[in-house]
Amino acid sequence: MIVTLIVICEVGFWVLLAAGLATRYLLKMPRTGAALLLCEPLLEVLLLVVTAMDLKNGADPSWRHGLAAVYIGFTVGHGHRTVKWLDGHAAHRFGGAPPPPKPPRYGMARARYEGAIWLGTVVAAAVASGLLLLAIWYVGSDGNTEGLRSTIFAVWRAAGIHGLIALSYAIWPKKAPEGESSKVESPKGESPSGVSAVSARDPEHVADFLVRGPRKDEEQIR
């Protein structure tokens, strides 16, 4: 029953996400779409309540209950990132918004990005562990809680492995290819050489200081 409910919650997560984004951008009803997206946490609450009721009715704690806690923790730690990513692409595709920025690929910027994702995994592990500890306390010393304790160990082992992978990007930062590393970042609207990158098709719409006109001494000679 618990595993079936986890599958239902996962399917419901994507159904609500698709319905919320479609309502927000295709039907032009942003408030209704936001309300549908805010219903996402209710699925985790439902799973938590059913899991607690299953334990209360005398079910032996097993990996199924541990999996429910891990699923809830993962949704808390990484669910918002998934929603934000898809919302950005939907806003670009259907709402006329600019394309969402791509994650960094090189250097310490990539290391910070990977570190932020790892923090989400730490949050997921903390939430799952908290729920499992509550379940162990709820069952008491009379029940067999070995499966729940082993799940806590597995969760933090996975978080540790993820942390080592994220740390490797800071210790051995990935270098950009020569063609990309030679590019110099410059203020918006200007090229690295300082020449305006604004289109010259409509020069009357360009500010005077961006247009390189002849110097005054040249005008006097003419």
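Predicted model: local features only at pLDDT ≥ 70, side-chain atom pairs only at ≥ 80, totals over all residues.
Reader: Glad to dig in! How many helices and strands does the chain have?
Author: Happy to start there. Read along the sequence, the pattern is α-α-α-α-α-α-α-α. The count is therefore eight helices and zero strands.

Reader: What share of the residues counts as buried?
Author: Burial here means a relative accessible area under 20%. The chain has 222 residues, and the part of them that counts as buried is 29%.

Reader: Among contacts between residues at least 6 apart in sequence, what share joins residues at least 24 apart?
Author: This one concerns contacts within the chain, where heavy atoms lie within 4.5 Å. Of the contacts between residues at least 6 apart in sequence, the share that joins residues at least 24 apart is 66%.

Reader: How far apart are the end C-alpha atoms of α5?
Author: Let's begin with what to expect: α5 has 33 residues, and at 1.5 Å a residue these should span 48 Å. The model agrees with that expectation, because the end C-alpha atoms of α5 are 48 Å apart.

Reader: And which residue just after α5 takes a positive phi?
Author: The phi in question is about 85°. The residue that takes it, just after α5, is glycine 140.

Reader: Turning to α6, how far apart are its end C-alpha atoms?
Author: Helix α6 covers residues 146-171, which makes 26 residues. At 1.5 Å a residue they should span 38 Å. The model agrees with this, with the end C-alpha atoms of α6 at a separation of 37 Å.

Reader: Which helices do the buried residues of α6 pack against?
Author: The buried residues of α6 are Leu148, Thr151, Ile152, Val155, Ala159, His162, Gly163 and Ala166. They pack against two helices, α4 (63-94) and α5 (107-139).

Reader: Are α5 and α6 roughly parallel or roughly antiparallel?
Author: Their axes are 9 Å apart and the packing angle is about 170°. By class, the contact of α5 with α6 has 19 nonpolar, six polar and three charged residues. Angles over 145 degrees fall in one category, so α5 and α6 are roughly antiparallel.

Reader: What about α4 and α6: which residues make the contact?
Author: The axes of α4 and α6 come within 9 Å and cross at roughly 35°, and the crossing is right-handed. By class, the contact of α4 with α6 has three nonpolar, three polar and no charged residues. On the α6 side are Leu148, Thr151 and Val155, and on the α4 side His65, Gly66 and Val70.

Reader: Are α3 and α5 roughly parallel or roughly antiparallel?
Author: Helix α3 spans residues 40-56, and its axis comes within 10 Å of that of α5, crossing at roughly 25°. Since an angle under 35 degrees is the cut-off needed here, α3 and α5 are therefore roughly parallel.

Reader: How do the residues of the contact of α3 with α5 divide by class?
Author: From α3 come Leu48, Ala52, Leu55 and Lys56, which meet Leu131, Ala135, Tyr138 and Val139 in α5. These residues divide into seven nonpolar, no polar and one charged.

Reader: Last one: is phenylalanine 74 buried or exposed?
Author: Phenylalanine 74 is found in helix α4, and beyond four places away in sequence it touches Gly79 and Ala124. Its C-alpha atom is separated by 8.1 Å from that of valine 123, 49 residues apart along the chain. Because its relative accessibility is 51%, phenylalanine 74 counts as exposed.

Note on methods
Residues numbered from 1 in each chain as written. Heavy atoms only, no water. Helix = DSSP H or I, 4+ residues; strand = E, 2+ residues; numbered from the N terminus. Expected span 1.5 Å × (residues − 1). Buried < 20%, exposed > 50% of the residue type's maximum accessible area, 1.4 Å probe, protein only. Axes fitted to C-alpha atoms, helices over the stretch in contact; angles between N-to-C directions. Parallel < 35°, antiparallel > 145°, perpendicular 65-115°, else oblique. Nonpolar A, V, L, I, M, F, W, Y, C, P; charged D, E, K, R; others polar. Left-handed = near helix turned anticlockwise from the far one by under 90°.
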